[in-house]
Amino acid sequence: MAEAWIQRARAAAALLGLCLAACGGQDRVELSVPLSQAGSLDGNGSELPKPPNTAAGRQLSWLLQALNHDVEQLSAREIQRHFEASLLNVLPSEQILAEFSALARDQAPLTFREVSPDTSEMSLLALIDGSRSQLTIGMNIQEHSGKISGYQFTPLAEPEPPPVASWQGVQRALTGVAPRAQYMVARVAAGSCQVLHGFATDQRLALGTSSSLYVLAELARQISAGTLGWDTPIVIQDALKSLPSGDLQDAPPGTALSVRDVATKMIAIGDNTATDHLIHLLGRENIEAEQAAVGHQAPELNMPFLATRELFLFRLELASAETDNYLSQVVSARRAFLDELAGRSPRAESANGWFLPRRIDQLEWFASADELCPLMASLDQRGEEAALRPLREVLSRDPGLPIDAAEFPYVAFKGGSEPGVLNLTWLVERRDGERFFVTIGLNDPSAPILDIGSVMSSALDIFQLLGSTD
């Protein structure tokens, strides 16, 4: 066993927080590709080695089969069957499909060679032969669902990038990922922001569903005012169902959940159906008004404030001329148009060919880093109110990255993405009690954002720098 490839694979996988050690647990999902299909014959007619008969090994077998034979037939629905919702919240199925298509074109056929000695039931490090070079793959499996919760392909032929040791290095790395890039780090105190580091912080970028932080802000306002409570029931309606990520789109109509449960799904797993039910409950125009109250300097850019179902309809179902007509109208006419879309649902199969950005600079939710900081600072401050203390738990259910809990005991996070869009936004408390806002925003109107490893690496570098400096 060559130790060099194992060490390199560990370094690459660490960027995505893959545990790559004995994670324990049992496989809980039936895969569509039997293990026996992953093997093949070498040039001498001998059978090549196969991935181990573990939860992680079976997922790797499915993935190699898909890359070698079925990549053009892969659908977003198939990706959602095999990948954990928390991962798809940051890296949507469309981006995974685009990455896999590019990998298959460049490297197929891909052949399994060996795994590292500490491969477990729920994680692995594997060496793969591609047509042009060797690669490693690190993979984690979520214990209860049996789905992939993290993965990283790394070509062994490429040298390891040097560690980023400065804020200038963070900026260089991010600007190399997308043509429109920003990041910002600010100290937060008493609801206000003191910018410490950043680049292009006033540039308004598409947010994806990080925009649901504005929905959460309006929910907090209404709960504080006594209009709603955390236990107020929300009844799931077919007319308000959206596409994944999330799981509420599969809930039977009439299912009742509390406001708290729906808000938690909206933030923690990016549940689009949860977001749309909250928009319906709170009122679109109330959310629009709250944007200005929490520091957005141009809230008209997000008027009307779109439901995710509506954005999916524009992206996947409506003719280009209909979108052009909508964009040419004043806000009142746009509201009337959206009223006509009420009850109309996007179809999952329509997303199968959605790999490239579609009008992300015209039709999305927009804000700058300078505007997201007061939003998060406001949510943080409101969480101190007795009636709003659940806000802290709602925001911190998913930290987004494996951030050092000893250094940052509290981590609030929301991410959003679609082809050409990635936003990652945090508010963290350091062990000394200092609180910080961190955001990374990337937009590319012409291509999907595929170098997620560099983005995650830059984010982890930011928290390393924050943990070691005042």
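Modeller: Buried means under 20% relative accessible area, exposed means over 50%, and partly exposed lies in between (1.4 Å probe, protein chains only). This is a predicted model, where local features need pLDDT of at least 70 and side-chain atom pairs count only at pLDDT 80 or more, while totals for chains, interfaces and linings use all residues. Residues are numbered from 1 along each chain as its sequence is written, and side-chain values use heavy atoms, with hydrogens and water left out.

Biologist: Is E317 buried or exposed?

Modeller: E317 counts as buried, at 17% relative accessibility.

Biologist: And which side chain does E317 meet in a salt bridge?

Modeller: R347, at 2.8 Å from N to O. A salt bridge here is a side-chain nitrogen of Lys or Arg within 4 Å of a carboxyl oxygen of Asp or Glu. R347 is partly exposed, at 44%.

Biologist: How many salt bridges are there in the whole structure?

Modeller: The search finds 25. One of them joins E218 and R221, with the closest N and O atoms 2.8 Å apart. E218 is buried at 0%, whereas R221 is partly exposed at 35%.

Biologist: Which residues are linked in a network with E218?

Modeller: R221, E290 and R382 are linked with E218 in a network of salt bridges.

Biologist: Switching to disulfides, how many does the count come to?

Modeller: One, taking a disulfide as a pair of cysteine sulfur atoms within 2.5 Å. C193 is joined to C373, S to S 2.1 Å.

Biologist: Why is the disulfide called left-handed?

Modeller: Because the torsion about the S-S bond of C193 and C373 is about -110 degrees.

Biologist: Is C373 buried or exposed?

Modeller: C373 is buried, at 0%, while C193 is partly exposed, at 30%.
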